[in-house]
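Open the model in your viewer and keep the selection tool at hand. This tour goes stop by stop: what to select, and what is there.

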Amino acid sequence: MNDYYLPQLELRRTAEYYARHFPGEAEASIAIADHAVVNEFIVPYTHDLSRWIPLGDPVDWLHNPSKDPEFTWGINRHWHMPDLGKAYLMNGNPQYVSAFINHYRGWRKQNPVPVVPSYEEAVFFQKLGPWRLLETGLRVQSWISAYKYMEDSPLLTEPFHAEFLQGLEEHAEFLTRYLGSTEINHAIMHMQGLFMIATFYHWHPRAPYWRQLAAERLELCLLHQVGPEGVQIELTTHYHNASIEMFGTPYLLGRLSGYPFSEWFGEQLRKMTAFTEALIRPDHQSTGVGDSDWVGDGRQRLTLLGAILEDDELICRGADSSESLWLLGAEKYGRCMQLQAAYKPSTESRTFPQTGYYVMRDEQQYLFFDAAAMGGAHGHADALNLEWMWKQQLFFTDTGRYTYEEGEWRHYFKSTRAHNTITVDGEDQTPYVSTQQWGTPAAEAKTYRWESNSHYHFIDASHDGYTHLSDPVTHRRWVLLGSEVPIMLLADWLEAEAEHEMEQRFHLHPEAVVELLEGETGSLGASASLVYPGSSVKLAIQWTTAGLTEGRFKVSEQQGWVSKIYGSKAETPVLQGQAAFSGKAGILTVCLPEDSADNGEPLRLTAWEIDPARQRVEVSYVYGAASGTIVIDGTTLEWRDHG
């Protein structure tokens, strides 16, 4: 049986391939290893990613130079150790092995197995310190990978081997003694680590029990955490794609070690690929729903899972990934790359109606629309939010997550105003309580209509987040996206008894240059133009309103923020429309994308009307030699082509 993903000879070949085909990542691995030798670290998912932080000699694993508990948790996951192993495989420097041994021994000396007063304290979600169950499960995976990468080193003596096995036994017993809920993603990582220990230390008398417990609880996690449409229940891109890796690697290790998981387990994994693939934009980045980063390539997860499931068609739809390389080895990974060379991505729209996510896609564009539930602690107050890309240019974007540290920035990135939707009276759709807690009642969205064909895509949905105000407010949104005609119509309908303040926001790409053509307008409409330096693509936006107090709708450019990766943020322009309303009000936003490289006449509006009393929109246009009229009301959509 195999006790790891790859044998020693294949690991050396993999390291050679890694250095040749991933030179940037290989250099980063060596840099991490070189700094680890002198006890300096950069910890992912923390705020300070710009400098190496010294942690003393010996390392103080409890030192935290920030206010973010993620630093303590991150440093105790020992994610630097696999890089020590990779660097050793690439250049054979024994200092990397010595650093691994010293860090392992120093950590165990400083952090003996705790005596926990109660079961509840051990499994409490936010328990601080290195023995939180999540860190326990992740740390052993770092240890085992590093050990396997360095296995041929003479410095890994028999006495150290015995110490290493003792540390694994301690972690396995701790993970079996305290079991976190299988409805929380942390439990996947607990059991992922336990299964890895049972495979590596397979001759231990308790290894069969560790393996069986881990396998059974991983199946429960998959049952409880993945919905009928294959979407992970936290409804975030990041945690969905991370779950593919967390479920997939034990599945692979089970097959390699002779203890395969059930056929059902594999089929559930396969279902998860649909959501991952649907949210991959034309620029190969993924829409970052909820607590997710602004950039991330879901295609790498398709490669990983395709290889794990031995599915060539799925591999074809993926992309290069060093993570997959280190699990598959150079030969199998090279074959994956050959399969992907001729693949053309699908341009079909995708829907997840039970979940509430909709993707409008064609040859020209991509639009993601959120009519889903909150999704729990990692969800954002973003009902009816959208992200839109046209011809490789991102117009309206999700803003990311930035931090889990409690404070104004955590609230901002989770708030309604940080998304492309409407806020009422400055309130979130769901009350914010703390970094990992939303208040009640949580906003619920409802979809009324969805259409997608060769001519257009259309979604009609609402949410009830503002119906819980002392004077209830309803918000319903229509989005119509032309496939053959470059136009997007967005109608926002608001209704209340008393007067309220509303704000409509669109978060733009950081490179967008905004020109406001009119600041305050009435029925004739405000307008704006967006251009992008070095790009031939631009966007014209026009607003028409009805039912607003004094007919005033003020459009301005505001400063917003996007977070490309956890711990970093950058300014981005935000278009904000602001007005007071009572009774029934409507805002029609018409977006007209244009590419000057096409050398054609841009689309021109000839008439437009919005009627909130009847919830009806009518727009007429001319586009080159063609013209048309679009009429939408509460039950029908008619697009008339006049030739």
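**Stop 1: A pocket and its domains**

Begin with the second largest pocket: its lining draws at least three residues from each of domain 2 (226–341) and domain 3 (350–597). Keep in mind that this is a predicted model. Colour the chain by domain next. The domain assignment gives domain 1 (1–216), domain 2 (226–341) and domain 3 (350–597). The C-alpha centres of domain 1 and domain 3 are 42 Å apart.

Now go back to the pocket. The second largest pocket holds about 580 Å³ of space. Select His 284, Lys 344, Pro 345, Ser 346 and Arg 361. Of the 27 lining residues, these five lie nearest the centre of the pocket. Show the helices too: α12 (263–278) and α13 (299–308) each give at least two residues to the lining. What classes of residue make up the lining of this pocket? Eight are nonpolar, eight are polar and 11 are charged.

Stay on His 284. It sits in the loop between α12 and α13. Most residues other than glycine have a negative phi. Is His 284 buried, partly exposed or exposed? At 31% relative accessibility, His 284 counts as partly exposed.

**Stop 2: Two cavities**

The structure holds two cavities of 30 Å³ or more.

The largest cavity has a volume of about 60 Å³. To find it, select Ala 372, Ala 373, Met 374, His 380, Ala 381, Asp 382, Ala 383, Gln 429, Thr 430 and Ala 443, which line it. Its lining has six nonpolar residues, three polar and one charged.

The second largest cavity has a volume of about 40 Å³. Select Phe 458, Trp 478, Val 479, Leu 480, Leu 489, Leu 490, Ala 491, Leu 588, Val 617 and Ile 632 to see its lining. Strands β13 (474–482) and β14 (488–507) each supply at least two of the lining residues. How many polar residues are in the lining of this cavity? There are no polar and no charged residues, but 10 nonpolar ones.

**Stop 3: Aromatic rings**

Show the side chains of Phe, Tyr and Trp. A search of the whole structure finds 49 aromatic pairs. Zoom in on one of them: Trp 388 and Phe 395 form an edge-to-face pair, with 5.0 Å between centres and 65° between planes. Trp 388 is buried because its relative accessibility is 0%, under the 20% cut-off. Phe 395 also has 0% relative accessibility and counts as buried.

Next, select Trp 543 and Phe 553. This aromatic pair is tilted, at 6.5 Å centre to centre and 50° between the planes. Trp 543 lies in strand β18 (residues 537–548) and Phe 553 in strand β19 (residues 553–562), so the pair ties together parts that are 10 residues apart in sequence. Trp 543 is buried, with a relative accessible area of 1%. Phe 553 is buried as well, at 1% relative accessibility.

Now try a group. Phe 100, Tyr 104, Trp 107, Trp 131, Trp 143, Tyr 147, Phe 160, Phe 164, Phe 174, Tyr 178 and Phe 200 form one aromatic cluster. Pick out Trp 131. The charged end of Arg 139 sits over its ring, 5.3 Å from the centre. Then jump to Trp 409, where Lys 569 lies over the face at 4.5 Å from the ring centre.

**Stop 4**

Switch to a backbone view. Most peptide bonds are trans. Select Asp 57 and Pro 58: a cis peptide bond joins them, with omega about 0°. Pro 58 is in the loop between β2 (53–54) and α3 (69–75). Then select Thr 440 and Pro 441, joined by a cis peptide bond with omega about -5°. Pro 441 is in the loop between β10 (437–438) and β11 (445–452).

Asn 39 comes next, in the loop between α2 (23–37) and β1 (40–41). It is not a glycine, yet its phi is positive, about 65°. Asn 39 is buried, with a relative accessible area of 9%.

Finish at Pro 154, in the loop between α7 (133–149) and α8 (158–177). Is Pro 154 buried or exposed? It is exposed, with a relative accessible area of 71%. Draw a distance from Pro 154 to Val 562: their C-alpha atoms are separated by 48 Å, and they are 408 residues apart along the chain.

Conventions:
Residues numbered from 1 in each chain as written. Predicted model: local features only at pLDDT ≥ 70, side-chain atom pairs only at ≥ 80, totals over all residues. Heavy atoms only, no water. Phe/Tyr/Trp six-rings, centres within 6.5 Å; stacked < 30°, edge-to-face > 60°. Buried < 20%, exposed > 50% of the residue type's maximum accessible area, 1.4 Å probe, protein only. Helix = DSSP H or I, 4+ residues; strand = E, 2+ residues; numbered from the N terminus. Lys NZ or Arg CZ within 6 Å of the ring centre and 35° of its normal. 1 Å grid on protein atoms, 1.4 Å probe; cavity = no way out; pocket = protein on both sides within 12 Å on 5 of 7 lines; lining within 4 Å. Points joined across faces, edges and corners; volume = space filled by probe spheres on them. Nonpolar A, V, L, I, M, F, W, Y, C, P; charged D, E, K, R; others polar. Domains from an automatic or database assignment.
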